[in-house]
Amino acid sequence: MEEVCEGKDFSFPSQEEKILSFWSKIDAFKGQLDRTQNMPEFIFYDGPPFATGLPHYGHILTGTEKDIVTRYKSMRGYHVVRRFGWDCHGLPVEHEIDKKLGIKRRDQNLDMGIDKYNEECRSVVTQYVEEWEKIVTRTGRWVDFKNDYKTMDLKYMESVWWVFAQLYQKNLTYKGFKVMPYSTGCKTLLSNSEAVQNYKTVSDPDIMVAFPIVGDPDNAAFVAWTTTPWTLPSNLALCVNANFVYVKVRNKYSGKIYVVAESRLSELPTEKPKSNSAYRPSDDSKKSKSEGTSGEKTKDSAADSFEVLEKFSGVSLVGLKYEPLFNYFLEFSDVAFRVIADNYVKDDSGTGIVHCAPAFGEDDYRVCIANQIIIEDEKLIVAVDDDGCFTEKISDFSGRYVKGADKDIIEAVKAKGRLVKHGTFTHDYPFCWRSDTPLIYRALPSWFVKVTKLKEQLLDNNKQTYWVPEHVKNKRFHNWLEIVKDWAISRTRFWGTPIPVWVSEDGEEEIVMDSVEKLERLSGAKVFDLHRHNIDHITIPSARGPEFGVLRRIDDVFDCWFESASMPYAYIHYPFENIELFEKNFPGHFVAEGIDQTRGWFYNLMVLSTALFGKPAFRNVICNGLVLGEDGKKMSKRLKNYPSSMEVIHDYGADALRLYLTNSPVVRAGTLNFKKEGVFRVVKDVLLPLYNAYRFLVQNAKRLEYEDSAPFVPSAITVLQKSSNVLDQWINSATQSLVHFVQEEMDAYRLYTVVPYLLKFIDNLTNIYVRFNRKRLKGRTGEEDCRMALSTLYNVILTLCKVMAPFTPFFTEVLYQNMRKVSDGAEESIHYCSFPQEEGKRGERIEESVTRMMKIIDLTRNIRERHNKPLKTPLREMVVVHPDEDFLVDIAGKLREYVLEELNIRSLVTCKDTLKYASVRAEPDFSALGKRLGKSMGAVAKEIKAMSQEDILAFEKAGEVTIASHCLKLTDIKLVREVKHPDGMTDKEMDAAGDGDVLVFLDLRPDESLFEAGVAREVVNRIQKSRKKAGLEPTDMVEVYFESLDEDKSAIQHVLNSQENYIRDAIGFPLLSSDSMPVHAVVLCEEIFRGIYSMSFKISLVRPALVFNKICR
C-alpha cells in the first residue's frame, strides 16, 4: 500500500473527481453490468423527471436512495439495469413554450400551427439533459444516460397506445362529461391527483345572497352562501338538506325576512336600530351591517336581531321556485330556479342552503342531473371558455377572467339589493401544480378510466406491496385508494401522445389503434412519428362503405401521467419487444420516489397494472419526505434559504451529502430542514475518523515493511479468527454483526436503520479498537502480535468499505484502490466485489461485554468530571456491580487492562450482589396501569410499593409478576434504584454512577502512592502534545530529551526512574537526559512546562543522531 496524506490534507471532493475519472477510464458501470449479465434480474423502475428544469435536493435524495439499493443488489448477485428516463410531454413543456412565445390564449396556439408549436416543444425537452447528467453523475449515481428512454419516442408512445387499447377492450374506458379541476394557466383539465398537489392558503370573497321565494306571502328570500361569486351568473338551483330544520326569520330592525337552516341562523348579519345621536358617520366610512364581515363579532346575537316566524323541514322546501339572480339562463326557467335536496349540504359552514351552478361544481352537476335540471351527456352550456374568461352568454362580464370579475359581480348583486353579507374567507385552495394559477372546476368532456370499478382490486393489490415506511402504505396510500374517482386521462392540448381513437363523422364507428402496424394497415399511410402534427391528417375509410366517409382521430392527447404510468411496459417497448423479460419479472422489484407520488406516479402505476394484469406494478417502495430550506420553508431561490447542491458537493463531497440525506427523517417520509453544516459534520464525525483509522493502518503497515524489509501481506481470515486477543475477537465478531445487520436491513429496504449502525460501528472501530490497540498496532508488543492486529484492522476496514460501498461509493473506492495492492486476485473496483458474507460465529457475549465496558468507562468519566478529577490523575480503585457473572468474569479478566489503562485506575473489583451497593424499590406506573385497572388501582399500587428487595429482583428476572390477580409486566412497574455508600464514607470519598444496567463505584480518596504515576502520565502527555505541535507523524522517529528546571531535581528524577518502563511503553523509546544532547542536534520542537505537580521541566524533540546517548537516570 502507498503512503497517504494527513486527514487535514485529504480533499474529499478532489478525490471524488479522481474516482470519476477512474470509473470513466475502466467503464466501471458497464463492467458491473457485464459481470452480472447472467445473474437473476432485479427490475427497478426509475420514475421519469421532466427535463425542463435542473435537479434539486429532492431529485438527489431519491437518486441516492435508488443508487444505494441498486448498487447493493448488484453486489448481492443481481443484474440491475438502470436506464434513466425523461418525461417529455404535457404541461411542464407546453407551459415553458407558452411563456417563451407569450402565448396566453388557446387560439394563439392554433394560429401558430400545431406542427410549429410541437416542434418548439420538442426543441426544449432536452435543454437541461447535459446538466442533469453532470449533476447526477457527480453525486455518484450509476445510471445509463446513453440508453435512456423518453416518453416522446415512437416505441414508447406505441406501447402507451397498446395500454389504452387494452383498457378499451376490457371496457374500462369511457368518454364522459364531468366537472373537473381546470387550469386556466395551462388551459387544460387536471386529474384529481394533480389537483391536490399544490394547495395554498388564500383569502376569497365570502358572501351571502338573497333569492326571493316566488309566491311567498311574507316576501321571504332564501339565503345562500358562496366563496365563488363568479359562479353566480350560472346559478340554476338552490340545494338544501332534507333532514335539516329550516327557519323563516324576520329582522327586527329592517323587516327583511330570510330562510336559513336553524343551526346556521347565527351566521346571518346582526343589525342595530337606527340611533338618534347627532353623530353620523360619513357616507364614505359607513358600512352597512347587512353587509357585515365574515366572522364579525357583535354584542347582538342573531336571536336578538331576528324573530322566528316559522319552522319547517328541509324536505318541505323542495320544489319551491325562486327569482333568478341574473337573466342569462332564463330559457331553463321551466326546470331550473327551484329548490332541490341532497345530503352533501352540511351545517358546518354557510347557511344550510347551497347555490348550484352545475357547470362549475362536481356536486352541483350531480344533483342537477338527479333532479332533471340538466340532462346527463347532453351538452351543457359552460359560460366560461378555455382561457377562464366569461363567454358572450354572460353579456355583462363577457371576456373577463372569472376570478378577476368577482368584485364587479358582488357589486352587481349589491345593486340588485340581493347582497345579505360580504366579507372574506381564508382557506386552503388548489392551484395548478405547473402554472401556479388558481384552479377552477369546470364541466368538460373527457376520456376516463373506470378506476371506481377497480377499487377493491386496488386495495387488495396494495396489500401485496411492501412500503418503507409502512404507515404510508396503510394510511396515506390506502386512504387515497378508498376514495378513488374515475381518472380523466385526456387533455385538450397539443404536445403529448395522441389518444388513438378514430371516429366516423356520424359517430357510429370508433376504432382504437393498439400499434403503428394497425394504423398503417388500415390507413395505407406510412407512420414515422406519433405526435399530432404527423398523424392527425391520417384518415381511415369507413368499413360501411365510401358513402359513410372516413374516420378521423379525435383531438385529445393523453395526460402525461398516463404516459409515465405506462413506463413498466413502454420503456422496454412491451409487448412488441422483451416479452419474456417483462413477463418473468413483473411486478417490478423496486421503486423510490417522494411522498407526493402516493397520489401521483405510485397511484397511476397501480391503476394501470391492476387494470391490465390484476397485479400491483411494484413489490417494494421507498417513500421519502420533503427536503426543506434551513428555515423550514420550501426551498426558494428568492428566499436564498438553501445552498446549491453543487456548492455543497464542491465543499464537502458527494459522499458526505449522500450520508447526510440518508441519515435523516426524510428517508422515512419525514421532513429535513437542509443545513450545509450538517454535511460538514458528516465529514468531521464520520468520514475523517474512518480515514484516520485507515491512515493509521497504512502508516504502521509501512513501518512493518521498513522494519522487516518485506511487503505487508495481511493474514488470512481463518488465521485472524483464531486470535487470542480479546479486542480482535470483539471487532471480528462486531464486523460479522455489521454484515448480518446491514444485509438484513437492506433486504428490508430500511436505509434509515443502516446508516446509524454504520456510524456507530465506525465510532467503535476508531475509539475502541484502534485507540485501545495502539501499542499492538505500533509493534510494541512484538512483531507477531503487531501483524495479527494490523491484519485484523485491514480485514475490518476492507469489509466495512464493501458494506459502505453502496452508500459512499467514492470514499470506499479510494480506500479500496490502495488496500487491494496487498491482496492477490482483488477485483478492479470495489463495486465489482460481492457483498460480504458472514464468516464464522458471532460472539454475542464478547460484543455485549465490550459494550458494557464502554458504559463503565463513560460512567467513570462522569464521576471524575463531577469531582474535578481529570483522567491524568490516577485513582486507587473502582467497583463494578452487575448480576451477570459472565460479564463480571470478562471485565475482571480479559478486559481489565483496557479499563484500568483508559481510566488511569490501579485496581478493579467486581461485585455480583446488586443489593450490597444499591437498594431498589418498586413504584406503580400510573400512566400505564390507571385505565387498565380502574378501581383495582389502589389495592395493586399498595402491594407494588410493599414488594421486598427479593421480590423485586425475582420480578426483574422473570419479567412479570401477578398482583391481586393482575399480571404485570416490566413496563407496568418502575424500579427505582438508590445508591448505598459503604459505612462511614461520603460521596466525596466514594461516588457512584449507573445507567439502569451497570453500577460503578469510584474511590476518590487521595493516595500519595499514586503521585509518581500521575507525574509520569503528565510527562507523556506533554511529549505527545509536542510531537503534534511539531507536525510529526506517528511513525516519525525522534529523540526526546528531558531537563528539570527545579532547584531540587531529585524529586522528578526519582519519578522518572520509578516510571521508566511506563514512559518507554507509552512513547515507544527511552527518555534521554538533556546533558547528553549533541551540540549540533537538530531541534524540531522545544517547550517549557511549569506547575506540573509543582514541578517545571523542558522537553526537546530532536532528529535522531548516530551517537550513543546516556539514558536519563
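This is a predicted model: local features need pLDDT of at least 70, side-chain atom pairs count only at pLDDT 80 or more; totals for chains, interfaces and linings use all residues.
**Entry 1**

Residues are numbered from 1 along each chain as its sequence is written, and side-chain values use heavy atoms, with hydrogens and water left out.

I keep the element numbers as they come: helices (H or I, at least four residues) and strands (E, at least two) are DSSP runs, numbered from the N terminus. The axes of helix 30 (residues 844-866) and helix 32 (residues 896-903) come within 11 Å and cross at roughly 25 degrees. Axes here are lines fitted to C-alpha atoms, for helices over the stretch in contact, and angles run from 0 to 180 degrees between N-to-C directions. The two helices are therefore roughly parallel (under 35 degrees; over 145 is roughly antiparallel, 65 to 115 roughly perpendicular and the rest oblique).

Which residues make the contact? Helix 30 brings Met853, Ile856, Ile857, Thr860, Arg861 and Arg864, and helix 32 answers with Tyr898, Val899, Glu902 and Leu903 (contact means heavy atoms within 4.5 Å). I sorted these residues into 6 nonpolar, 1 polar and 3 charged. In this scheme Ala, Val, Leu, Ile, Met, Phe, Trp, Tyr, Cys and Pro count as nonpolar, Asp, Glu, Lys and Arg as charged, and the others, Gly among them, as polar.

**Entry 2: the sheet beside them**

Next I looked at what these helices lie across. Helix 30 lies across strands 27, 28, 33 and 34, at about 135 degrees to strand 33. Helix 32 lies across strand 27 and strand 28, at about 130 degrees to strand 28.

I found 4 strands in an open sheet, ordered 28-27-34-33, with mixed pairing (two strands pair if DSSP finds at least two bridges between them). Strand 28 (905-911) and strand 33 (990-994) are the edges, each pairing on one side only. Neighbouring strands of this sheet are turned by 20 degrees against each other on average, direction ignored. Strand 27 (residues 875-881) and strand 34 (residues 999-1003) pair in the antiparallel sense over 4 bridges, and Val880 has Val1000 of strand 34 as its bridge partner.

**Entry 3: a hairpin**

I moved on to strand 37 (residues 1083-1092) and strand 38 (residues 1095-1102), an antiparallel pair with 7 bridges. Cys1085 stands opposite Leu1101 in strand 38. With 2 residues between the strands, the hairpin has Tyr1093 at a positive phi near 50 degrees.

Most residues other than glycine have a negative phi, and most peptide bonds are trans; I noted some exceptions.

- Ala669 has a positive phi of about 70 degrees, in the loop between helix 22 (654-662) and strand 26 (671-673). Ala669 is buried at 17% relative accessible area (buried is under 20%, exposed over 50%, partly exposed in between, with a 1.4 Å probe and protein chains only).
- Tyr749 has a positive phi near 60 degrees and sits between helix 25 (726-747) and helix 26 (751-772). Tyr749 is buried too, at 4%.
- The Tyr574 to Pro575 bond is cis, with omega near 5 degrees.
- The Phe586 to Pro587 bond is cis, with omega near 5 degrees; Pro587 is in the loop between helix 19 and strand 23 (588-594).
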